[in-house]
Amino acid sequence: MKVRVAIAVLLALSAGTGLSTPAMAIGCLSGGVAGAVAGHMAHHGVLGAIGGCVAGHEYRKHQEREATQNRGAYVDQRNQRGGMDDQE
């Protein structure tokens, strides 16, 4: 029993030391919390948290992709006009 506890402690400590790869969990925490609350109301908190994490991550990726496209369109528009208007 003590060996299992020691192994669990070592694994928990090594998770934070850089031995694992970083997770790309953008939007997962906020989506997971919202999903857990909604799932708790339906008596499926863990399932709701998992679904919320996936949905939150996908929504955040969509927002970032859209922002990148808008930034690119703005730069293209400025280049077509000839740069900044206030400089002569």
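At 73% relative accessibility, His43 counts as exposed. Keep those classes in mind for the rest of the tour.

This is a predicted model, in which local features need pLDDT of at least 70 and side-chain atom pairs count only at pLDDT 80 or more, while totals for chains, interfaces and linings use all residues. Residues are numbered from 1 along each chain as its sequence is written, and side-chain values use heavy atoms, with hydrogens and water left out.

Start with the fold. The chain has 3 helices and 0 strands. Both kinds of element are DSSP runs numbered from the N terminus: helices are H or I with at least four residues, strands are E with at least two. Along the sequence the pattern reads α-α-α. Helix 1 covers 2-15, helix 2 covers 28-41, and helix 3 covers residues 45-81.

Now the surface as a whole. Of the 88 residues of the chain, 11% count as buried. The accessible surface comes to about 7500 Å², and 64% of that belongs to carbon and sulfur atoms. Such areas come from the Shrake-Rupley method with a 1.4 Å probe; for residues, only the protein chains shown count as cover.

Met1 sits in the segment before helix 1. Met1 is exposed, at 78% relative accessible area. Together with Val5 and Val9, Met1 forms a nonpolar patch on the surface, with about 330 Å² of accessible area together. Patches are built from residues with over 30% relative accessible area and no salt bridge; like charges are joined within 9 Å, and nonpolar side chains (Val, Leu, Ile, Met, Phe, Trp, Tyr) within 5 Å.

What ties helix 2 to helix 3? The structure holds 1 disulfide, defined as a pair of cysteine sulfur atoms within 2.5 Å. Cys28 and Cys53 form it, with their sulfur atoms 1.6 Å apart. Cys28 lies in helix 2 and Cys53 in helix 3, so the pair ties together parts that are 25 residues apart in sequence. The torsion about the S-S bond of Cys28 and Cys53 is about -95 degrees, so this disulfide is left-handed. Cys28 is buried, at 15% relative accessible area.

Between those helices comes a loop, and His43 lies in it. The phi of His43 is near 65 degrees, a positive value in a residue other than glycine. Most residues other than glycine have a negative phi.

Side chains of opposite charge can pair when their charged atoms come close. The structure holds 2 salt bridges. The term means a side-chain nitrogen of Lys or Arg within 4 Å of a carboxyl oxygen of Asp or Glu.

Glu58 and Lys61 are 3 residues apart in helix 3, so about one helical turn separates them. Glu58 is partly exposed at 42%, and Lys61 is partly exposed at 35%.

Another joins Glu64 and Arg60, where the closest N and O atoms are 3.6 Å apart. Glu64 and Arg60 are 4 residues apart in helix 3, so about one helical turn lies between them. Glu64 is partly exposed at 36%, and Arg60 is partly exposed at 36%.

How values were computed: Buried means under 20% relative accessible area, exposed over 50%, partly exposed in between (1.4 Å probe, protein chains only).
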